[in-house]
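Below are some notes on the packing in this model. Please read them alongside the coordinates.

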Amino acid sequence: MDKNINLETIDEVRAEALRELQDISSLSKLDEWRVSYLGRNGSLTNILRKLGSVPLENRRQIGATANQAKLLLEEKLDHHRNLLANAKTSSESEDDVLDVTLPGWPLSNGNLHPSTKMLREITKAFSSMGFQVQEGPEIEWDRYNFDLLNIPSDHPARDMWDTLWLDYTDKHGNTPMLLRTHTSPMQARIMENAKPPIRVLVPGKCYRYEATDSTHEWQFFQVEGLAIGEGITFAELKGTLYEFVRCIFGDERKIRFRCDFFPFVEPGVDMSISNFVDPETGKRPIDYNQDWIEILGAGMVHPNVLKNIGYDPDVYSGFAFGMGVERIAMLKYGIDDIRLFYSNDLRFLEQF
Ligand code: FA5
């Protein structure tokens with residue numbers, strides 16, 4: 001028989017453990033206590049391990065007492081651990097008293113993205129001239145983006161709008177889909193569904209497969225304008241665009257029209273806004289070495305487009321324009337690089 005193991009030894013170990021436990025005031029000390037009594041080489045664990053050497057006649061009683069002692073110490077351990085954890089929480093919350101006199105955290109207000117701001121200003125200017133706003137799909141059929149606009153598949157003008165194609169043809173074998181390269185497909189969609197007189201403005205996102213630089217993005221907003229009726233002339237197109245520039249930039253900015261080619265208008269023009277050096281500040285609105293910045297293409301709707309939709313070009317005429325929203329915002333707010341619009345830099349975005 002192992003002489004060290006008897007009922008008194010177990011009583012002594014238990015009493016000593018309970019005594020020690022009373023003085024423990026930290027979780028780390030409590031863990032040391034657990035290891036010394038209940039750990040793998042703890043005094044009570046050693047007693048239990050040696051039970052096999054106790055003579056059979058005593059083994060049952062000594063074994064039962066040792067197990068009871070183990071259960072008691074485990075119970076006390078849990079209880080003491082909870083006591084210490086609660087005491088920690090309440091002392092922490094005493095340090096953490098709420099001082100209602102401290103200033104609060106400022107709530108940061110969101111603000112509109114400069115493209116959204118510009119879009120709203122542009123639509124407001126044209127609404128005051130009687131244009132209605134309508135939106136259209138960004139994923140478009142080849143037919144609307146090109147064919148109906150007098151740009152057949154072998155037309156070189158397709159290169160002007162390097163295209164992001166979608167790998168999709170519907171079950172009727174309709175021509176492939178694409179991310180619209182301009183808002184002009186809405187000209188055809190609107191004419192298909194409405195009867196003249198038409199005065200519609202179409203704001204929306206466009207995509208082009210092209211390298212980016214300070215004035216070119218692969219995604220950007222355009223606003224398309226379309227006016228169809230009887231006897232509409234180029235003078236009305238010019239008048240509308242002059243009024244638009246006056247609304248957005250005031251009377252100071254100069255406007256320049258130049259001939260340009262777009263297969264869906266005839267004649268076609270592009271329009272630029274002055275970027276002259278201000279004599280007072282010696283600076284340009286945008287810091288480019290250019291006197292003019294192009295913001296839109298425009299023209300009289302091509303008779304072929306009218307015919308494609310089923311309008312009689314001898315009865316109806318009209319004008320259309322498509323403007324780059326970020327380019328206008330750049331001129332208005334003096335932004336040098338179009339790539340800032342989509343770089344998600346809060347230091348830039350918070351200025352608007
Ligand atoms: C067009 O997209 C024609 N659909 C415009 C049009 C409509 C002409 C109706 C006639 C009648 P263009 O590719 O030039 O044309 O683009 C028009 C405007 O969009 C440009 O003047 C410019 O302001 C803007 N833009 C074009 N490409 C980009 C680009 N990569 N990044 C930013 N803005 C662009």
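1. At what angle do the axes of helix α5 and helix α10 cross? In this predicted model, the axes of α5 (residues 114-127) and α10 (residues 325-333) cross at roughly 95° and come within 9 Å. On the α5 side the contact is made by Ser115, Lys117, Met118, Leu119, Glu121 and Ile122, and on the α10 side by Val325, Glu326, Ile328, Ala329, Lys332 and Tyr333. By residue type, this contact divides into seven nonpolar, four charged and one polar.

2. How many residues of α10 are buried? Seven of the nine are, so the helix is largely enclosed by the rest of the structure. The buried residues are Val325, Glu326, Arg327, Ile328, Ala329, Met330 and Leu331. Their packing partners are α5, α8, β5, β7, β8 and β9. After α10 comes glycine 334, with a positive phi near 70°.

3. The sheet is open, with seven strands in the order β1-β4-β5-β9-β8-β7-β6 and mixed pairing. Its edge strands, each pairing on one side only, are β1 (132-133) and β6 (255-259). Strands β8 (residues 292-301) and β9 (residues 317-324) are paired in the antiparallel sense, over five bridges. Glycine 297 has glycine 322 of β9 as its bridge partner.

4. Which strands does α10 touch where it packs on the sheet? They are β5 (219-229), β7 (265-274), β8 and β9, and the direction of α10 makes about 60° with that of β9.

5. The largest nonpolar core has 43 residues, and Ile122, Phe244 and Phe321 are those with the most contacts inside it. Helix α8 (residues 234-249) gives the most to this core, with six residues. Ile122 also belongs to the α5 side of the contact with α10.

6. What does phenylalanine 321 touch, leaving aside residues up to four places away in sequence? The list is Phe126, Leu201, Val223, Glu224, Gly225, Leu237, Leu241, Leu296, Gly297 and Ala298. Gly297, in this list, is also the bridge partner of glycine 322.

Terms used: Residues numbered from 1 in each chain as written. Predicted model: local features only at pLDDT ≥ 70, side-chain atom pairs only at ≥ 80, totals over all residues. Heavy atoms only, no water. Axes fitted to C-alpha atoms, helices over the stretch in contact; angles between N-to-C directions. Helix = DSSP H or I, 4+ residues; strand = E, 2+ residues; numbered from the N terminus. Contact = heavy atoms within 4.5 Å. Nonpolar A, V, L, I, M, F, W, Y, C, P; charged D, E, K, R; others polar. Core = buried A, V, L, I, M, F, W, Y, C linked by side-chain atoms within 4.5 Å. Buried < 20%, exposed > 50% of the residue type's maximum accessible area, 1.4 Å probe, protein only. Pairing = 2+ DSSP bridges.
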